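Dear colleague,

Please find below the structure that I am handing over to you. The notes that follow it set out what was found.

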Amino acid sequence: MKFITFLYPYDIRNIEAPHIWLLYKQLEKISPENLFCIGSNDYFNGKQCFKEEKRWEVNWAEKGWRVSDDITNKYVINKDIFKALESIEVTPNRVWSSLISEVYPPLVSALESYFEVIIQENSIDAIYTLCNCASLSQVSKKYNIPIIHIELGALRAPHYINTAYFDFKGVNGNTESKNRYEDFISEENYKNKVPFLGREQLLGFIRRNNNDKAKGLIKKITRKIRSLLKRYRSDEYEIGLPLQVEDDSNMLSYSKGFNNIELISYAHKYFSKEKVLVRKHPGGHAHYKVENNDDSLSPYQFLDRCKRIVTINSSMGLEALLNGKPAWITGESPFSFCSSQTINLDEYQEAKNLDERLNFAVFGYLVPFDLLFDLEYINFRLNHPKETDIYLKHFNFWMHG
C-alpha cells in the first residue's frame, strides 16, 4: 500500500515541522518507499536538530526517526506561499484557522502539481493528515483519493486505554461520528451483533491498561489522590469547567464562538460564582480570575468534585459522561451526540440510549492507537465495512490484542 502524507507546511504555533510525529510514527510500520511526503523543508532537514533540541517526537517514535533519512519521495512546499495570507490574516493563529476551513489557491496549486507527479506512476491508497485543511480536501476530491484524518484520541495512556481518531471526513471538527452512529443503529439486528457494556463495566474497561510501567504510574498517582481526597468532597460544586488551550484548533475553528471566558460567563448565568469550579488546561496560556480554581491532582478528582460538566469541546466531556456525570458540549465535537440535549445548564436532558452511544464512541468511533498505521487495518477501513464490523474489530483487538 502507498500513501501521501500531508505534513502541515505552516509553522503552527511558531513550531517548525509541527506534525513531525505523524511521519515518525508512520515510519515505524510503513516502508519509506511507500510514503510520498508533502511538507515544508523543515520536516526533511531537521532530523539531527530535532534530536539535539530533545523534541518529544524523537523519543516517542525513535524507530521511525532513525529511518527517516531513507525517505526519497519528498515534495517540498515553500513557506513563502503563505505570505499573502499572512498579510491579510496578520497573526499565525488566524492564518492557521483560515487554512483549516478555507481554500487557499496558492496551496491548491502546489498540491495539484505534486499530486500530478505522484499519481502518474503510483497508485495511492489514501492521504494521511493530522489536521483539517480545506485546500487538501479540495485536491483529494479532484483526484478521488480518500483522506484519513488522524489525531491522538480522547482517551489516552496512562490513565486510559490508548486511542486515536481515524476519520475520513475531519478531525476534532467536521467529523463523521454522528452520521456513523446513525448508520450503526440503522443496521439490521445491530443490538445482537455487538457486545454492549454497562456504564460501570465500560468505565472499568477504558481504565484498563496492560502496560506495566503505566500501571505502576497509575498506582502511584492513585495513592497520592487518596491522600488528598480528604481535602475535597464529592459533588462539592454544582458545575465544573475544564478549560482549553487558547490557540488549539478546537478553539480557533470549532468552538462555535465560545472561548474560555465565554464558557465561564455561560456557567455564571445559571450558578453563582462560588458554585463553579474552573480547571485550567495544563497547556493553557492564560490565568483566569475566578472564585474557585481547581487544584486537583488529576482529572478524576476534578470530575468527582463536580455534579456536572460543561466544556467547549474538551475530551473531559466524554470522560464526564463515562463517569456518570451530566455533560454539555458547546462547540463542535465528535462526542456532541452523547451530551445533553438542552442548552440550559440546570436542566440536563440525557441523550437517548446514552449507554449505547457511549459504547459506540469507545468501540465504534475511537480506534486503538496501535492500529492507526497498521496496513491490514487501513485496508479494512478503506473497503467500507459495516459499522458493526468496525465495532467488533476494535472490541476484539482490545480483548485479545
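Phe335 is buried, with a relative accessible area of 3%; please bear in mind that this value, like the others here, comes from a predicted model. Phe335 forms an aromatic pair with Tyr365 that is edge-to-face, with 6.2 Å from centre to centre and 85° between the planes. Phe335 lies in the loop between β10 (327–329) and α18 (354–365), while Tyr365 belongs to helix α18, so the pair ties together parts that are 30 residues apart in sequence. Tyr365 is buried as well, its relative accessible area being 1%.

A search of the whole structure finds 34 aromatic pairs. Another of them joins Phe184 and Tyr391: the ring centres are 5.5 Å apart and the planes stand at 5°, so this pair is stacked. Phe184 sits in helix α10 (residues 177–186) and Tyr391 in helix α20 (residues 387–400), 207 residues apart, and the pair thus links distant parts of the chain. Both residues are buried. Phe184 and Tyr391 also belong to a cluster linked by ring pairs, whose members include Tyr181, Phe360 and Trp398.

Two charged residues lie over aromatic rings. Arg55 is placed over the face of Phe50, at 4.7 Å from the ring centre, and Lys393 over the face of Phe380, at 4.9 Å from the ring centre.

As to the strands, seven of them form an open sheet with mixed pairing, in the order β3-β2-β1-β4-β5-β6-β11. At the edges stand β3 (74–76) and β11 (367–368), each with a single partner strand, so one side of each is left without a neighbour in the sheet. Within this sheet, β5 (residues 147–152) and β6 (residues 163–167) pair in the antiparallel sense over four bridges, and His149 has Asp167 in β6 as its bridge partner. Strand β7 (residues 239–242) runs parallel to β8 (residues 276–279), to which four bridges join it. Both faces of β7 are covered: Ile239 and Leu241 are buried on one side, Gly240 and Pro242 on the other.

The largest nonpolar core has 68 residues, and Leu23 is one of those with the most contacts inside it. Beyond its neighbours within four places in sequence, Leu23 is in contact with Leu7, Leu35, Cys37, Tyr43 and Ile71. Apart from that core lies another, of 44 residues, among them Leu202 and Leu303.

Finally, a word on confidence. The chain averages a pLDDT of 93, and 94% of the residues score at least 70. Over residues 210–214, however, pLDDT stays under 50.

Yours sincerely

Terms used:
Residues numbered from 1 in each chain as written. Predicted model: local features only at pLDDT ≥ 70, side-chain atom pairs only at ≥ 80, totals over all residues. Heavy atoms only, no water. Pairing = 2+ DSSP bridges. Helix = DSSP H or I, 4+ residues; strand = E, 2+ residues; numbered from the N terminus. Buried < 20%, exposed > 50% of the residue type's maximum accessible area, 1.4 Å probe, protein only. pLDDT = per-residue confidence, 0-100. Contact = heavy atoms within 4.5 Å. Core = buried A, V, L, I, M, F, W, Y, C linked by side-chain atoms within 4.5 Å. Phe/Tyr/Trp six-rings, centres within 6.5 Å; stacked < 30°, edge-to-face > 60°. Lys NZ or Arg CZ within 6 Å of the ring centre and 35° of its normal.
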